[in-house]
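This report describes one protein model.

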Amino acid sequence: MGLKISNRDARRLWIDAQGLSQTPTGPLDVMAIIRRLGFVQLDTIQAVARAHHHILWSRNQNYREPMLDRLLAEDRSIFEHFTHDASVLPIETYPYWRRQLDRLGERTGRWAQTRSMVDAEGMAAIRARIEAEGPLSTHAFDTKKTSKEMWARPPHKLALDHMWYAGELATSHRTNFTKYYDLSERVIPGHVREEVRSDAEQLDWLCRAALDRLAFASEGDVMRFWGAAALAEVKAWRRAVADELVEVEIACADGTKLPLFAPASIEKKLDNAPAPTSRLRILSPFDPVVRDRSRISRLFGFYYRIEIFVPAAQRKWGYYVMPILEGDRFVGRIEAKADRKAGELIVHNTWPEPGVRWGRARWQKLDAELDRLARFVGMQTVIWKKGARDG
């Protein structure tokens, strides 16, 4: 029948696996947070804070933005590549990431046939400039895109990205979020590049690391975590290590049961995972705890979508609406935006979750979190729009 895990315990496991159980204070170890999560997604939107900074701050509010930049550009403790999206990963992941470099390099290599990427000679010229001049951004090149489609890119940008996906180039640093490309051998430390793992070792590590961070999962969950393996590969891996896994039955928020699997250490995880702090958190829409919308809907009964690409007239909530976590449940959502010229964090609206009573104490906790968030993004005051507390 498998180990039965109650909904409350499943939520506790998931919140702890995502590093949100503890109060976000105390000594800060940014690398420990990144290692625990596996990776941190990057995103350019800065309605309040860019996703990568907000994600780290939510786990320890002593975090400040320059810290991640130093880990990438100076310490070389992390590298940037593509999971389900652009992300930073611990540098020790790199030897297990070569299959992703190969997979994505092969895929993007076809851009020359399907899009307007420069030819091999043009690509060699781009690489030669970087080799001679040092790290360059896309702004150092001047080819023009040939299509007016939203996601169209200039030929040189496609070439830079192809070489980046394939691992020939790497992100040296970012300035105001602009990526600078350099030769991988000048970015990735030599001892890391020289470490060779077979494809089977890479797949095994990636699947185990994903399952450990998911706590419990389906084969599809494991596949989607890194985005570095095909579903058939994950299924084959599960069959090969079946005696090291445990069948579990997860109780969902609506009372249904979900058959999944977990690492053999699942009972120890259940014993050790603490009850989540009652601290109220305003999370990034890209936070890993809510990235899998189906999972949070099943576990928490919380339906969440980000509406940045939804036309304004069709939005149910708003452009940049952030989930609010308190303890082991999502209690609401909030739309806010930082006005950096005025030094104000402006709250446009809040929406309590159905069945969640927002009394004076909870509003005070939200006010305290908004004050902390405002300080993090350098705003002097929090301004509430008229009716913003009405939901």
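The sections below cover the basis of the model, its domains, a helix and its charged pairs.

## Basis

This is a predicted model, in which local features need pLDDT of at least 70 and side-chain atom pairs count only at pLDDT 80 or more, while totals for chains, interfaces and linings use all residues. Residues are numbered from 1 along each chain as its sequence is written, and side-chain values use heavy atoms, with hydrogens and water left out.

## Domains

The domain assignment gives domain 1 (3-11 + 197-272), domain 2 (22-194) and domain 3 (280-384); such bounds come from an automatic or database assignment. The centres of domain 1 and domain 2, taken over C-alpha atoms, are 28 Å apart. Domain 1 brings 15 residues to the contact and domain 2 brings 16 residues, where contact means heavy atoms within 4.5 Å.

About 1,300 Å² is buried between domain 1 and domain 2, and carbon and sulfur atoms give 53% of this area. Buried area is the accessible area (1.4 Å probe) that two parts lose on being put together, summed over both. On the domain 1 side, Q202, W205 and W226 supply 39% of the area buried against domain 2, more than any other three residues.

## Polar links between domains 1 and 2

Between domain 1 and domain 2 there are 10 residue pairs in polar contact, both residues at pLDDT 80 or more. A polar contact is a pair of N or O atoms within 3.5 Å; within protein, one must be able to donate a hydrogen and the other to accept it, and residues adjacent in sequence count only if both atoms are side-chain atoms. Helices α10 and α11 each supply at least two residues of the side of domain 1 that touches domain 2. Helix α10 gives the most to that side, with 7 residues.

The count of salt bridges between domain 1 and domain 2 is 2. A salt bridge is a side-chain nitrogen of Lys or Arg within 4 Å of a carboxyl oxygen of Asp or Glu.

## Helix α5

Helices (H or I, at least four residues) and strands (E, at least two) are DSSP runs, numbered from the N terminus. Helix α5 (residues 98-109) has 12 residues and should span 16 Å at 1.5 Å a residue, which agrees with the 16 Å between its end C-alpha atoms. The expected span is 1.5 Å times one less than the number of residues.

The buried residues of α5 are R99, Q100, L101, L104, G105 and T108. Buried means under 20% relative accessible area, exposed over 50%, and partly exposed in between (1.4 Å probe, protein chains only). Among the elements that cover the buried residues of α5 are β3 (78-82), α8 (155-165) and α10 (199-214). R99 also forms a salt bridge with D199, with the closest N and O atoms 3.1 Å apart.

## Salt bridges

The structure holds 31 salt bridges. One of them joins K4 and E249, with 3.1 Å between the closest N and O atoms. This pair links distant parts of the chain, 245 residues apart: K4 is in strand β1 (residues 3-5) and E249 in strand β7 (residues 245-251).

K269 and D212 form another, at 2.9 Å between the closest N and O atoms. K269 is partly exposed at 22% relative accessibility, and D212 is partly exposed at 38%.
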